[in-house]
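Reader: I am new to reading models like this one. Please take a close look at one part for me, the place where the two chains meet.

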Amino acid sequence: MSCRRARREILEHFRFRQELGPSSSAHLEHLVGCADCREEVGIDRALVEQLRRALQERVEGHAPSAAAWDQVRQRTIDRPSRPLGARVLQWGRLFPAAIAGVLMFAIATVSQEGLSQGSQSPQPAGQVQQLDTAAAVDDTPDWEPPWWMKYRTRPPVPTIAGGPMAAQLPDMLGTSADMPPVSGRLQ
Amino acid sequence: MNPHPPPGVVFGTRRRIAHGVPVVTKQQPEDEGLVARMQSGDFDAFEEFFNTYKRPVYTTALAITRDPFLAEEILQDCFVKAYRVRQRLRTDCSPLPWLQRVTTNLCYSRIARRRAVAEPLTALISNLVADLTSRPDQIAESREIIEVLQRGIDALPPKQQTAVILYYLHGYSLAEAAEIAECNVGTMKSRLHYALKALRALLPAERRAPAGAAKVSTGEL
């Protein structure tokens with residue numbers, strides 16, 4: 001038996017107060033004949049004893065003070081229960097913040113809806129090809145992003161329907177003039 | 001989810017069932033009905049509850065913080081919290097595991113981790129080794145070894161520190177310590193193993209055991 005296996009078994013016995021079973025006899029036999037393992041196990045056992053002493057020293061001579069219960073009682077039983085009105089008032093302080101949150105969410109949702117609807121306007125077939133070339137190279141967006149867009153973590157997705165990018169799409173894709181109309185947003 | 005959680009599981013029922021922790025914290029006769037009386041508004045029961053469990057809670061807090069004043073604050077916070085959630089406490093098992101769990105959480109949320117400073121520790125070990133050559137038998141059992149261990153305990157990660165305190169100070173079984181720490185028995189064993197390994201590494205080989213105690217005799221087995 002290897003020293004490693006024997007030590008593992010015996011160390012568990014000392015560390016975790018585990019019972020040595022019949023299968024442990026081989027480990028014990030190894031321990032009898034191996035001075036290194038005996039020393040190793042002895043060191044470990046002594047460490048555990050010292051550790052227990054060290055932990056005991058941390059708490060020896062200390063006890064909760066007599067005032068501890070009085071303090072706990074003051075904070076629990078003797079604490080006057082607040083009337084319902086006071087509790088409602090406390091929650092009422094949060095009311096303006098809640099209203100502000102709801103309003104911000106509503107504004108953001110409405111703006112997002114408006115943006116989506118504007119980008120999904122129907123396009124007549126063939127209109128893409130009839131756009132002015134000068135307008136096609138104009139990169140200026142035809143809409144102003146709402147103020148909250150700068151707080152978005154993702155940049156806004158460029159729309160192509162009705163915008164200047166729509167005219168460039170056939171060239172970019174290399175398709176012919178009979179390409180079906182494009183609408184919606186690039187994903 | 002198991003509709004019949006085993007007794008002994010106070011909080012965190014779902015996780016505990018998943019771990020299959022053995023039931024270990026049966027209600028003791030002395031605290032039978034204590035929680036139920038608290039829940040029915042019996043203030044005397046709360047005082048009795050405090051007096052029954054203040055000692056183990058305080059011991060845990062003191063062992064972790066090493067500060068009697070902070071330990072007492074944590075003791076108070078723990079029982080104030082117990083009072084506030086008394087309606088949620090299980091009545092069919094001991095509340096001690098829950099109290100210990102709250103205590104350890106309060107300790108680690110209140111104190112900054114106090115890592116042992118490498119420099120003084122190294123110096124201390126060097127002194128120990130130097131002393132060893134002069135008076136090996138006496139020095140080996142000196143306070144300084146205990147002090148090295150104290151610093152080593154402080155430097156342990158919180159989970160290992162809790163494991164060591166629950167197992168070696170309170171003397172809980174592996175299953176009980178695992179229940180308090182909300183882990184399984186194997187994890188608790190592993191934490192203790194690594195804690196001992198770390199502590200042992202702090203001590204130089206010649207100083208790891210008191211003189212004459214470093215070898216286990218086969219007769220002890």
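Author: Start with the term. Two residues are in contact if their C-beta atoms, placed from the backbone, lie within 7 Å. Keep in mind that this is a predicted model.

Now the contact itself. Chain A gives 34 residues to it, and chain B gives 41 residues. The largest share comes from H3(A), with 18 residues. What kinds of residue make up the side of chain A that touches chain B? That side divides into 18 nonpolar, 7 polar and 9 charged residues.

Stay with H3(A) for a moment. This helix has 25 residues. From its first C-alpha to its last, H3(A) reaches 37 Å. That is close to the 36 Å expected at 1.5 Å a residue. Which way do side chains point along a helix? An α-helix has 3.6 residues a turn, so residues three or four places apart point the same way. Just after H3(A) comes Gly61(A), with a positive phi of about 80°.

Now cross over to the partner. Chain B has 11 helices and 0 strands. Read along the sequence, its pattern is α-α-α-α-α-α-α-α-α-α-α. Chain B has 221 residues, and 40% of them count as buried. Take the contacts in chain B between residues at least 6 apart in sequence. Of these, 66% join residues at least 24 apart.

Terms used
Residues are numbered from 1 along each chain as its sequence is written. Chains are lettered from A and ligands numbered from 1 in the order in which they are written. This is a predicted model: local features need pLDDT of at least 70, side-chain atom pairs count only at pLDDT 80 or more; totals for chains, interfaces and linings use all residues. Helices (H or I, at least four residues) and strands (E, at least two) are DSSP runs, numbered from the N terminus. Ala, Val, Leu, Ile, Met, Phe, Trp, Tyr, Cys and Pro count as nonpolar, Asp, Glu, Lys and Arg as charged, and the others, Gly among them, as polar. The expected span of a helix is 1.5 Å times one less than its number of residues. A residue is buried if 20 or more other C-beta atoms lie within 10 Å of its own, exposed if 12 or fewer, and partly exposed in between; C-beta atoms are placed from the backbone.
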